[in-house]
Amino acid sequence: MGRWFKPYAALWITLLVGGALVVTMALLGAEVYDDVVDEQGLASLDLPALELSQNLRTPELDAGVTAFTNIGGGIGMPILATILTAWLTFLSRTWRPIILVGGAAAVSTFATTVGKRLVGRTRPDHAEAVPPYETSPSFPSGHTLNTTVVIGVLVYIMCLQFEILWARITAITAGALFIIAMGLSRVFLGHHWLTDVMAGWFLGLAWVGMVVLAHRLFHLTRKREHAGPAPTFEHPVLREDQTG
């Protein structure tokens, strides 16, 4: 028992916390979906959020938020993800960042496409939105879902990569603020309803939890005599590669 539990304490904690996160976020995402389809419950938040956004808009703020939200689009996010993934791959000298980020992003993109076709929700009217306008279905918010997944996985890899506590705290804080701001920018510009964004957050976090769980389980099942101890926050990937 001690051979499996003590050396892998961080791994087991990750499994427990990650498992709870996956279940919770998936249930919340399903609840938002049910309320959107029934046009009740959480959907009552949509109109007040849109009205508040309209009251806060100015030409200068609209331009700034539009520039920011473009980072999470079909061009900006792949560029940002590629730069950060290449940097982490260079530091770790492994293919893990490419595999984890690439795989997670592929699934989130597919889920976004399927979700939009499944629900077919209409976006806010163009008269209530800031141009350029978008015409694809509204639910879930692709910007929010894909940003949550890509940035979430990148932050996880950074936490494995760096031993310094302040570096990890900085990565987590910056990642969380970026994800929240990206979602709110979609509501502010009138490109999505608030519940579209909420679903993107919940589903994205659930998928990030699955990716983390899969990564930890992969190292749990490896033979220690061949691969060494599983990477933890106390023994990050960089150290493992250097000492192995």
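## Val 187 in helix 8

Val 187 lies in helix 8, where helices are DSSP runs of H or I with at least four residues, numbered from the N terminus. At 6% relative accessibility, Val 187 counts as buried; the term buried means under 20% relative accessible area, exposed means over 50% and partly exposed is in between, with a 1.4 Å probe and protein chains only. The model is predicted, with local features needing pLDDT of at least 70 and side-chain atom pairs counting only at pLDDT 80 or more, while totals for chains, interfaces and linings use all residues. Residues are numbered from 1 along each chain as its sequence is written, and side-chain values use heavy atoms, with hydrogens and water left out.

Leaving aside residues up to four places away in sequence, Val 187 touches Ala 49, Leu 50, Ser 53, Arg 57, His 192, Trp 193, Leu 194 and Val 197; contact means heavy atoms within 4.5 Å. Val 187 and Asp 46 are separated by 141 residues in sequence, and their C-alpha atoms are 8.9 Å apart in space.

## The two sides of helix 3

Helix 3 spans residues 46-56, and its residues Asp 46, Ala 49, Leu 50 and Ser 53 are buried. Viewed down the axis of helix 3, the buried residues fall within an arc of 100 degrees, so they line one face of the helix; the arc is that of the directions from the helix axis to the C-beta atoms. On the face turned away from this buried side, helix 3 carries the exposed residues Leu 47, Leu 52 and Asn 55.

## Helix 4 against helix 8

Helix 4 (residues 59-69) and helix 8 (residues 165-188) have axes that come within 10 Å and cross at roughly 125 degrees. Helix 4 is therefore oblique to helix 8, as angles under 35 degrees count as roughly parallel, over 145 as roughly antiparallel, 65 to 115 as roughly perpendicular and the rest as oblique. Axes are lines fitted to C-alpha atoms, for helices over the stretch in contact, and angles run from 0 to 180 degrees between N-to-C directions.

Helix 4 contributes Leu 61, Asp 62, Val 65, Phe 68 and Thr 69 to the contact, and helix 8 contributes Phe 178, Ala 181, Met 182, Ser 185, Arg 186 and Phe 188.

## Backbone features in the loops

The peptide bond from Pro 131 to Pro 132 is cis, with omega near 5 degrees. The peptide bond from Phe 139 to Pro 140 is also cis, with omega near -5 degrees. Pro 132 is found in the loop between helix 6 (96-119) and helix 7 (142-161).
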